[in-house]
Amino acid sequence: MNIRVKVKKLHPAARVPEYKTALAAGMDLHARLETAKVLAPGESALIPTGIALELPPGYEAQVRPRSGLALNHAVTLLNSPGTVDADYRGEINVIVINHHRQQSFTINPHDRIAQLVIAAVARAELVEVEELNETARSAGGFGSTGR
């Protein structure tokens, strides 16, 4: 299913996200920086992308980590996945963190820093009740279903 999402470049140097393969779920988000940003071990920073979106009603954009950055550099995203609501029109920013214990990580202008996934969203009508139906799991929480 294809939908139309409007994207606005907020800076001439910004890069419009794009799918890299025919079946990719996510599009690359690029850093829109004037100069390189060095993240010390344990440091996080808000990295601009230079783009804004107009999503159709019933959709969200999810900002997710890139697996290669996580595996090879221990760099990921805070607040992951980040949610971009359909009524938000501001710049998409990415909260990047360097989890490496010893090495700094440099984000250069135009580096691919995250993935953007467009997803359908169901809106729920919550109904307050006195009791919930029992299940085999019921209130069993973390780890209650085994390994």
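Where is Ile95 found? Select residues 93–98 and you have strand β9, which holds Ile95. Strands here are DSSP runs of E with at least two residues, numbered from the N terminus.

A word on what you're looking at: this is a predicted model, where local features need pLDDT of at least 70 and side-chain atom pairs count only at pLDDT 80 or more, while totals for chains, interfaces and linings use all residues. Residues are numbered from 1 along each chain as its sequence is written, and side-chain values use heavy atoms, leaving out hydrogens and water.

Stay on Ile95: its relative accessible area is 31%, so it counts as partly exposed (between buried, under 20%, and exposed, over 50%, using a 1.4 Å probe and protein chains only). Together with Ile95 they make a nonpolar surface patch of about 250 Å². To join such a patch, nonpolar side chains must lie within 5 Å, and each residue needs over 30% relative accessible area and no salt bridge (a Lys or Arg side-chain nitrogen within 4 Å of an Asp or Glu carboxyl oxygen).

Next, jump to residues 27–30, strand β2. Met27 and Leu29 sit on one side, Asp28 and His30 on the other, and all are buried.

Now bring in residues 112–120, strand β11, which runs antiparallel to β2 and is joined to it by four bridges. Look for His30 with its bridge partner Arg112, then Leu29 with Ala114. Strands pair if DSSP finds at least two bridges between them.

Finally, show the whole open sheet: four antiparallel strands in the order β2-β11-β6-β8. Its edges are β2 and β8 (82–84), each pairing on one side only.

Definitions and conventions
Patch = residues over 30% accessible without salt bridge, like charges linked within 9 Å, V, L, I, M, F, W, Y side chains within 5 Å. Areas by Shrake-Rupley, 256 points an atom, 1.4 Å probe, with all protein chains shown as cover.
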